[in-house]
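Please keep the sequence and the model in view while reading.

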Amino acid sequence: MKKILQIILLLMSAALCAGVKLVFHACAKPAGGMWMHCHDAENAVCGIAAGLAVLSLLMLLIKNGKIAGCIGILTAAGAAAAALVPGHIVKMCMMDTMRCHAVMKPAVIVFSVLIALLALCCAVLRFTEKKES
Amino acid sequence: MKQKISLPRRNLAGSPGRTAVLVLLTALLTMTVLGGTLIVSGLRKGLRSLEGRLGADVMVVPYEATTQSKLEDIVLQGSTGYFYMDRKLCDKITAREGVGQVSVQLFLASTSSGCCSIPVQIIGFDPETDFTVSPWIRQKRSEPLGAGDIVVGNDLNAFVGDTLTFYGVECHVAAKLDKTGTRFDTAVFTNLDTIRMLIQSSIDRKMNDFQKLNPDGVVSCVLINPADGYSAEEVVNDINLHVKKVRAIRTKEMISGVSDSLSGIASVTGILIAAVWVLVIIILLLVFTMSVNERKREFAVLRVIGASRGAAARCVLQEALTVGLLGGAAGIGIGLLVVLPFNSLIEETLGLPFLLPGGGRIALLSGAALLLAAIVSAAASALSAYRISRLDPAVILRGDAS
């Protein structure tokens, strides 16, 4: 169960990393124009998600429950930070109807919240694992 | 007593696969019911909001505007665009019989104002005569708008005190309106002096389609409320008959298209919800029946060790209720996670006014969906519970039962 949850966490982090670039990406670059602010948010989320994927992998590989639990908490904090990137940490476009607001922001929030919850569950499981042994 | 409560839970935990399927099915039912209801409620609220915001019974526009088939897009869907007619026509319209309240508006579409924006519709109104926009601007700002002051719709990421530049003219955000779920959420409002300044600037920069325009001598539309004793239809017919180069339209006629689309979507959603309901109830009924058939001997043993008929039936019902509540909670979570954050995308996709219900109503609908999931699960297991209560343990344990 523990392992399955950690694998799901890893897959979701990877999905956020790839998804924010390929599926629920920010506004497109206007023809002959410059990238908009939301592109920076997209890159930031992608970077954080890549970090979350690495942390999830580490949690899966590390056998020490206490260290793995701490990594889980760090992953949850990272996911919370990812949720705050679009609109709060990095500025977005002018109108709520634009793609970055209508698609990217909600998708990133949903993924990040799920990752954070899953990471916390994994952390609790890994912390309690040591007590059991 | 403790055993009675924990037995259904132990049964559910003992067959994780079956429990997961049942929870998933009830989650699907709840998600569809809640999501569908929220979308239909959002559309209805959006339509009501649009009806309220249009404010005038009759709208008079230049005749060319109606032939461009863009008018409804501009008025209802939030598309950007502008058209003008001679201000003298307004005086002719005002003089017609049956015309009560009259106010004019001027339209202008901005270009992308620098980075990270798309064109917005700028609507200029006359604060002295306006009866459509001013009442809801007053909810946010009681002082009159000064030169260069603008009021922005809720979907624009500009806030009070910010400066937006249109055609090189710096405008100050004086107020931000509440969400309406209509095209007004992406519009910018200002007084006639400011919009004339913006139109002139757009002409000077050769960015306006009407290069020979005198902003002081034109209006985009005339909004009318009929005088007492006259109907909107009479006023529309009179203007269309006697004033040339303009077209009077009843605003309710414009909304009728939106209203028809809403009815269509509500019907499709209703059919979808009904189909999911029927499907899920049939599957739940089958799964509960099969599961109870498989576990006949289990229940027979329970009866032999002293459980009453009622206790055996309650056990089945409690299992179903637990499944219903778990699935219902999961369905509500998924439904809210899809509909709430993605409401802008839903609005864009449907192309109709969309305004989500308030928090209280959402909580009420969620509670109702949870109750429904529990009732449906319990109802689907009722037949199995009845059959278990009629079971003869001796026959089952001897292996004679089919």
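Axes are lines fitted to C-alpha atoms, for helices over the stretch in contact, and angles run from 0 to 180 degrees between N-to-C directions. Helices (H or I, at least four residues) and strands (E, at least two) are DSSP runs, numbered from the N terminus.

This is a predicted model, in which local features need pLDDT of at least 70 and side-chain atom pairs count only at pLDDT 80 or more, while totals for chains, interfaces and linings use all residues. Residues are numbered from 1 along each chain as its sequence is written, and chains are lettered from A and ligands numbered from 1 in the order in which they are written.

**Helix packing in chain B**

Two packed helices are described by the angle between their axes and the distance between the axes. In chain B, helix α11 (residues 309–339) packs against helix α13 (residues 359–389) at an angle of about 155°, and their axes are 7 Å apart. This angle makes α11(B) roughly antiparallel to α13(B); angles under 35 degrees count as roughly parallel, over 145 as roughly antiparallel, 65 to 115 as roughly perpendicular and the rest as oblique. The contact of α11(B) with α13(B) has 20 nonpolar, 10 polar and 1 charged residues. In these classes, Ala, Val, Leu, Ile, Met, Phe, Trp, Tyr, Cys and Pro count as nonpolar, Asp, Glu, Lys and Arg as charged, and the others, Gly among them, as polar.

Helix α13(B) also meets helix α2 (residues 16–54) of chain B: the two axes come within 9 Å and cross at roughly 145°. Residues of α2(B) in contact with α13(B) include T26(B), L29(B) and V33(B), and the partners in α13(B) include I362(B), L365(B) and A369(B). Two residues are in contact if their C-beta atoms, placed from the backbone, lie within 7 Å. By class, the contact of α2(B) with α13(B) has 11 nonpolar, 5 polar and no charged residues.

Chain A has 4 helices and 0 strands. Its C-alpha atoms fill a box of roughly 60 × 20 × 20 Å along the principal axes. Of the 133 residues in chain A, 46% are buried. A residue is buried if 20 or more other C-beta atoms lie within 10 Å of its own, exposed if 12 or fewer, and partly exposed in between, with C-beta atoms placed from the backbone.

The contact between the chains takes 16 residues from chain A and 14 residues from chain B. On the side of chain B, helix α12 (residues 343–350) gives the largest share, 3 residues. In α12(B), the buried residues are N343(B), S344(B) and E347(B). They lie on the same side of α12(B), because they cover an arc of only 105° around the axis; the arc is that of the directions from the helix axis to the C-beta atoms.

**Positive phi values**

Most residues other than glycine have a negative phi, and most peptide bonds are trans.

| Residue | Phi | Loop in chain B |
|---|---|---|
| Y167(B) | about 50° | between β6 (163–166) and β7 (169–176) |
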